[in-house]
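Visitor: Could you take me through how the features of a model such as this one are read, one at a time?

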Amino acid sequence: MDRQKAVSIAHKAEAWAIGFIGIFFFSIGTSYFQEQLLYRMPRILLPVYDLFGNVGLAIGLLVLGGGTIYWGFSKWKAIADKKRLYWILAVVGIAVGVVLANINLRSSEKIMEDMDTNREAQIDKIRYSGGLNFGNPEVDKYFGEFDELYERFEKSLADNDTTAIADCENELYEWSLKMNDFFHKLSDDEKQEVARYNAKLLIQWQDLRTEYSE
């Protein structure tokens with residue numbers, strides 16, 4: 001292979017690499033018209049996202065992608081005879097990229113839906129689990145204090161006593177810290193059981209709070 005041909009191939013590869021980057025930006029941009037948890041963007045578009053949100057980012061990526069694709073074409077046409085080939089490859093690349101980008105978006109939504117469903121199922125499992133049968137004086141005292149606090153919290157909510165409600169919320173935080181006094185003394189199985197029941201009580205507290213806020 002002579003040197004001139006090698007240089008021509010290298011320039012074509014550079015032009016197509018630029019075009020590929022443009023296709024990537026353009027394809028990702030089509031999926032950003034819907035809000036997502038994670039956005040991949042070049043730093044140059046960060047101010048656009050901060051000012052205009054995901055729609056502004058989507059439009060910015062489309063413009064940037066289109067401009068980059070054309071930049072790649074300007075390099076391609078300078079050294080290639082078959083100028084139409086670049087656009088054929090670009091159109092195919094965009095079509096495939098858009099499909100993949102939006103399939104990934106739907107997959108992400110499905111994953112989030114499954115995560116939400118699983119989380120709710122785990123909460124319900126804890127919420128409706130049985131009581132604690134432990135027999136440890138420190139643990140019994142700890143959870144006994146919760147029962148007393150819960151009764152006062154329920155009465156405060158029923159009376160709509162905002163001061164008493166705030167006091168109960170603060171006491172709940174102080175109560176939760178007391179677990180540190182004995183938790184490290186428990187076996188692994190005991191820790192798991194205490195943590196499960198503690199979660200059950202906190203969910204019970206949140207359920208009561210929600211009930212009176214509706």
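**Reading the core and the salt bridges**

Guide: The largest nonpolar core has 20 residues, and those with the most contacts inside it are Phe143, Phe146, Phe153, Trp175, Phe182, Val194 and Trp205. Such a core is a set of buried Ala, Val, Leu, Ile, Met, Phe, Trp, Tyr and Cys residues joined through side-chain atoms within 4.5 Å, where buried means under 20% relative accessible area, exposed over 50% and partly exposed in between, with a 1.4 Å probe and protein chains only. This is a predicted model, in which local features need pLDDT of at least 70 and side-chain atom pairs count only at pLDDT 80 or more, while totals for chains, interfaces and linings use all residues. Residues are numbered from 1 along each chain as its sequence is written, and side-chain values use heavy atoms, with hydrogens and water left out.

Visitor: Which elements give two or more residues to this core?

Guide: Helices here are DSSP runs of H or I with at least four residues, numbered from the N terminus. The contributors of two or more residues are helix 4 (137-159), helix 5 (162-177) and helix 6 (188-213), and helix 4 gives the most, with eight residues.

Visitor: What does Trp205 touch?

Guide: With contact taken as heavy atoms within 4.5 Å, and not counting residues up to four places away in sequence, Trp205 touches Phe146, Leu149, Tyr150, Phe153, Cys168, Glu169 and Leu172.

Visitor: How is a salt bridge read, and with which residue does Arg209 form one?

Guide: A salt bridge is a side-chain nitrogen of Lys or Arg within 4 Å of a carboxyl oxygen of Asp or Glu, and by this rule the count comes to six. Arg209 pairs with Glu169, the closest N and O atoms being 2.9 Å apart; Arg209 lies in helix 6 and Glu169 in helix 5, so the pair ties together parts that are 40 residues apart in sequence.
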